[in-house]
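Please look over the sequence and the structure shown below before reading on. The notes after it are arranged by topic, so that each can be followed with the structure in view.

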Amino acid sequence: MLAFIVSRLLQSLAVMLAVSFLCFVLFNFVGDPVNNMVGQEASASDREEMRRDLGLEDSVAVQFARFLGNAVTGNFGKSYRLARPVSDLIVERMPATLELVAVAALLALSMGIPLGVLTALRRHSVDSGAIMTFSLAGVAMPTFVIGILLIYVFSVECISWAPAIGLPAGWCFPSFGRGETVKLGWWNTGLLTASGLKAIVLPAFTLSLFQMTLVLRLVRSQMLEVLRTDYIKFARARGLTDRAVHFRHALKNTLLPVITVIGIQIGGLIAFSIITETVFQWPGMGQLFIQSVQFADIPVMAAYLVMVSFIFVAINFFVDLLYATIDPRLRLDRAQLGTAGG
Amino acid sequence: MFVARIAALTVATLCLASAVEAKTLRWASQGDALTMDPHSQNEGPTTAMNQHIYDPLIQRDPKLAKVPNLALSWKPIAPDTWEFKLRPDVKFSDGTPFTADDVVFSYNRALAPTSDFRAYISSVKEVKAIDPLTVHIITNGPNPILPDYTTSIMIMSKAWAEKNNVTKPQSYKDKEETFAVRNAMGTGPYMVKQRDPDVRTVMTKNPTYWGAKQFPDYPDELVYTPVKEPSTRVAALISGQVDFVLDAPLQDVARIKQTAGLKTEETAQVRSIFLGLDMGSAELKYSDVKGKNPFADKRVRQAMYQAIDMNAIKTKVMRNFAAPAGLVTSPGVHGYTPALDERQKFDVAAAKKLMADAGYPNGFGVTLDCPNDRYNNDEQICQAVAGMLAQIGIKVDLQARSKTLHFPKLQKKDSSFFLLGWGVPTLDSHYVFTFLYQTSDAAKKVGSWNFTGYSNAKLDELSDAMLKEVDQAKRDKMVADAWATVVADMPYLPLHHQLIVWAMSDKVTMPIFANDTPNFKYSKIK
């Protein structure tokens, strides 16, 4: 087992090195940050001096080595755009993204699972058909369209339709931002204020829609499969109530793959949040990244990409470990392979 | 369970229908200020933010005229010396008095190597405090337009800067952020209450503001939120979550005007959009003409000018938010005249004849470099131009890029044909001549944005002379001569002056500034 962990760790490290090197090569194509950093009156020599100071004249390999050397000591440099340490910026923005992702994942599960069960149990009813059609839209529609659509309906047009159906105009949702936030140590939370809770509804729903439909479809197909198995038939033969059969026996057995998929999809949620954050002006890491790309703010881009690849690598690493623990065949195969290979 | 949660949420939100506080003005635009350090970044949104906290000696009013701010009066007392009489009884927002020492300190700070405003006051040799309310600025030779440049230099408190260790503008060499990046303290109408870069900036009225009598009605509180996505910005305005949007997308202006409770203010911006031609190289780098440079022939430049149907671009591409131009500088800039701004006639037949006379009856191919995120509808303008030039046989290969790639490419003089826009912060024509038309010379620090290779000794001479001429009538004659010269030589093909649109709630009264920099002390909110 130890050998397995060590080899996995080494592989993860290699992946991260490769990702960050690729990023550095790509940075050569995002353009020159210096032009954004000085006014139009700055002379050519001023610009050149700044480029030298920033080390942009060095080769990619030298820049990469310098970045690695600093990153190992936890120093990601200073943002070209905001003149503040990159680690501060990321720490400030992380809570917004993580809260959004957490609420979105919660929404995806709390709506996806019941709806999945419902559509599996009542396969041929009209409401299942409607839900399945809606889930197709969720899979197919791009995030930014959903976001803008929600803003249009629930914050712009809402002012006219909400009073018409008897709701106060203040019921409408904000179209941007995070609302009021409260500081808990370094963590800046929006989940403890009314305006913060209200502000998270539309972006979290936008972000969760794809995952929600994914969970829905996954639960449905798993459920349909499980319902056909012998032990369900046997449970029915034992005369158990439908409720016990469906929820105690069937649903429990469908959830394992769902949880695995959701675990892996959390990384995807963080990546998808870039678009949602841009549409809703959500002050998270994704938005920081987009703004940095437009400015060619290399230190922030590098740190963000390394961090996201770290999240993906870490999740995969733990999933691998989990599989190895759950499924003894994996370990056995390796052991046998090991002896066979000498 | 889930339904219960939704219901609980709805009830919670119902109870907390946000009550709008009195006299708070909430505004939004595309990008946040980069820093609150007033000398560190010479950039539009940064200046727009910082001028609410810091004051200059002389300020621009909504008509962009120079009005007294921290200086009550100014006059030249010797060919190379300007005297500024300061406003008495001014206090910084921390209660300390403002004196001539703060002016001397701030000018020296703005002259430091890490300052981004050095170029504006590079002619300044020395700044002297004569008494607490008199300052002399001594320049290297006469500088008739020094007062125009002082409008960009903000005054800090010497004591505050020393206490917080920010006597120099922030530098990228510093490891840590300096105190002045997120903190500010000045004599201006507002103080910083909360600064959360890229998220939210709240400013409250400065209780010690010297102009409280002159400006009694401005909002008690300013809340600024950057909203990057244009449609989200417009949605926020229409749904009443902000009161003022600085940069409404042009395609949404009609929608905003139709909405009850909203209005717009429009004016010609001090920014002109034009095409530049590499007329100086022996051979164009990005063209299929080898061995010679077609742009060196004035007939070709003239033909291209006359082949561009500016009215079509104005109505179709710019949705009428553009004023067709014959000059690469806008109304409001000293030296601009409507006669010079008259465009040459759009005439494809004449253009074809000129091309044939120049020896290109079948045209040629050339690459047009264009930014796609810098000016209003920049890429679409280039597409329209490409189509129009095709009519006279010029096959344009359009390369649209982000500004982070476009401008460095121009600065390397790596373009044969490009789109550029130019604003004039000093509102004086000399600024245009020295950057866009003078022979490019790094040592003399002139012509740094002249990527055309245009070089005319007469223009160089005029531009240098008008920098030092103190006799206004003589100087105006020089400016007029210089414009006549460059309009005849035609290194640029002018397109239009941008119009700006500010969108706001009916509750807001706000005069529009042609430099696109809102100053909320001139605003009112019901």
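Predicted model: local features only at pLDDT ≥ 70, side-chain atom pairs only at ≥ 80, totals over all residues.

Chain A contains 14 helices and two strands, and its C-alpha trace spans about 85 × 80 × 35 Å along the principal axes. In chain B, one feature to look for is an open sheet of four strands in the order 5-6-8-7, with antiparallel pairing. The largest nonpolar core has 212 residues, and among those that touch the most other members are L100(A) and A104(A) as well as L275(B), M304(B) and I381(B).

**Chain A as a whole**

- Of the 342 residues in chain A, 36% are buried.
- Among the contacts in chain A with a separation of 6 or more, 69% are between residues 24 or more positions apart.

- At L251(A), helix 11 of chain A bends by about 40°.
- After helix 11 of chain A comes Q281(A), which is placed in the loop between helix 11 and helix 12 (285–295) of chain A.
- Most residues other than glycine have a negative phi. Q281(A), however, is not a glycine and has a positive phi of about 50°.
- Is Q281(A) buried or exposed? With 24 other C-beta atoms within 10 Å, Q281(A) is buried, because the cut-off for a buried residue is 20 or more.

**The four-stranded sheet of chain B**

- In this open sheet, with the order 5-6-8-7, strand 5 (71–78) and strand 7 (124–131) of chain B stand at the edges, and each has a single partner strand, so one side of each is left without a neighbour in the sheet.
- From one strand to the next, the twist averages 20°.
- Strand 5 of chain B is joined to strand 6 (residues 81–86) of chain B by six bridges, and the two run antiparallel; here A78(B) stands opposite T81(B) of strand 6.
- Strand 6 of chain B also pairs with strand 8 of chain B in the antiparallel sense, over five bridges, and the bridge partner of T81(B) in strand 8 is I138(B).
- Six bridges link strand 7 and strand 8 of chain B, again in the antiparallel sense, with T139(B) in strand 8 as the bridge partner of V124(B).
- Strand 7 and strand 8 of chain B form a hairpin, with two residues between them.

**Faces and surroundings of the sheet**

- In a regular strand the side chains alternate between the two faces of the sheet.
- Strand 8 of chain B has V135(B), I137(B) and T139(B) on its covered face, whereas T134(B), H136(B) and I138(B) lie on its uncovered face.
- Which helix lies across strand 6, strand 7 and strand 8 (134–139) of chain B? Helix 3 (residues 100–110) of chain B does so, running at about 170° to strand 7.
- The loop between strand 6 and helix 3 of chain B holds D89(B), a residue other than glycine whose phi is positive, near 60°.
- D89(B) has 8 other C-beta atoms within 10 Å and is exposed.

- M304(B) is in contact with L389(B), I394(B) and L493(B), leaving aside its neighbours within four places in sequence.
- M304(B) is also one of the buried residues of helix 8 of chain B, including V300(B), R301(B) and A303(B).
- Helix 8 of chain B (residues 298–307) has seven of its 10 residues buried, so this helix is largely enclosed by the rest of the structure.
- The buried residues of helix 8 of chain B pack against strand 14 (262–277), helix 10 (348–357), helix 11 (378–390) and strand 19 (492–505) of chain B.

**The loop residue I512(B)**

- I512(B) is placed in the loop between strand 20 (508–509) and strand 21 (524–525) of chain B, and with 18 C-beta neighbours inside 10 Å it counts as partly exposed.
- The C-alpha atoms of I512(B) and A268(B) are separated by 9.9 Å, while the two residues are 244 residues apart along the chain.
- Leaving aside neighbours within four places in sequence, I512(B) is in contact with E265(B), T267(B) and W502(B).

Definitions and conventions:
Residues numbered from 1 in each chain as written. Chains lettered and ligands numbered in written order. Pairing = 2+ DSSP bridges. Axes fitted to C-alpha atoms, helices over the stretch in contact; angles between N-to-C directions. Contact = placed C-beta atoms within 7 Å. Bend = angle between axes of the 7 residues up to and from the residue. Buried ≥ 20, exposed ≤ 12 C-beta atoms within 10 Å, placed from the backbone. Core = buried A, V, L, I, M, F, W, Y, C linked by C-beta atoms within 7 Å.
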